[in-house]
Amino acid sequence: MKAREWQTATGGTVRVPDPERLVHLQFRRFAGCPVCNLHLRSIVLRHDEITARGITEVVVFHSSAEDLRPHVADLPFAVVGDPEKALYRDFGVESAPRALLDPRAWGAIARGVARDLGPVLRGRRPLPRPTGGRLGLPADFLIAPDGRIVAEKRGQHADDQWTVDELLAHAQALTSKN
């Protein structure tokens, strides 16, 4: 993979690949997506452990930076808006009705909506903005400093992504080989 520099939703830049660290590149759905929020909170809770393992988190949404800002301002990692889905196309990340229709996603959908509903109703969080559609499928890529994709997962439904433990296991397997 050729090195690229992307604008983040909060006004910075992030380089992928990172010349010194692994990059966990996640493709999520839209700004305020309840399932995505639930998953990203699991990443936030263990972010120190992830960075200690030599991994930089980069998350891509198919929303604009403006739509993303109120939803991601407190996240300790880079979030990139891709409303035209150019990066999704580059990485072959798909959308499909099974994102929401697969029963394996329903529990996370219910938990995510329940978690986010109170803050939305109290005006502490804006409503989700499903720009680019609701049917995006998640994808995870682990990218080495030389640009090689060394591990990947393409989700089969909205809640089908690597757990933190799976991510750390992939990183550990790579460092064990070296």
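Trainee: With which residue does Arg104 form a salt bridge?

Mentor: A salt bridge is a side-chain nitrogen of Lys or Arg within 4 Å of a carboxyl oxygen of Asp or Glu. Arg104 pairs with Asp102, the closest N and O atoms being 2.6 Å apart. Please note that this is a predicted model: local features need pLDDT of at least 70, side-chain atom pairs count only at pLDDT 80 or more, and totals for chains, interfaces and linings use all residues. Residues are numbered from 1 along each chain as its sequence is written, and side-chain values use heavy atoms, with hydrogens and water left out.

Trainee: Is Asp102 buried or exposed?

Mentor: Buried means under 20% relative accessible area, exposed over 50%, and partly exposed in between (1.4 Å probe, protein chains only). Asp102 is buried at 13%, whereas Arg104 is exposed at 56%.

Trainee: How many salt bridges are found in the whole structure?

Mentor: The search finds eight. Among them is Arg154 with Glu152, at 2.8 Å from N to O. Arg154 is partly exposed at 36%, and Glu152 is partly exposed at 41%. Elsewhere, salt bridges with shared partners link Arg46, Glu49 and Asp165 in one network.

Trainee: How many disulfides does a search of the whole structure find?

Mentor: A disulfide is a pair of cysteine sulfur atoms within 2.5 Å. The search finds zero. Cys33 is buried, with 0% relative accessibility, and Cys36 is buried with a relative accessible area of 0%.
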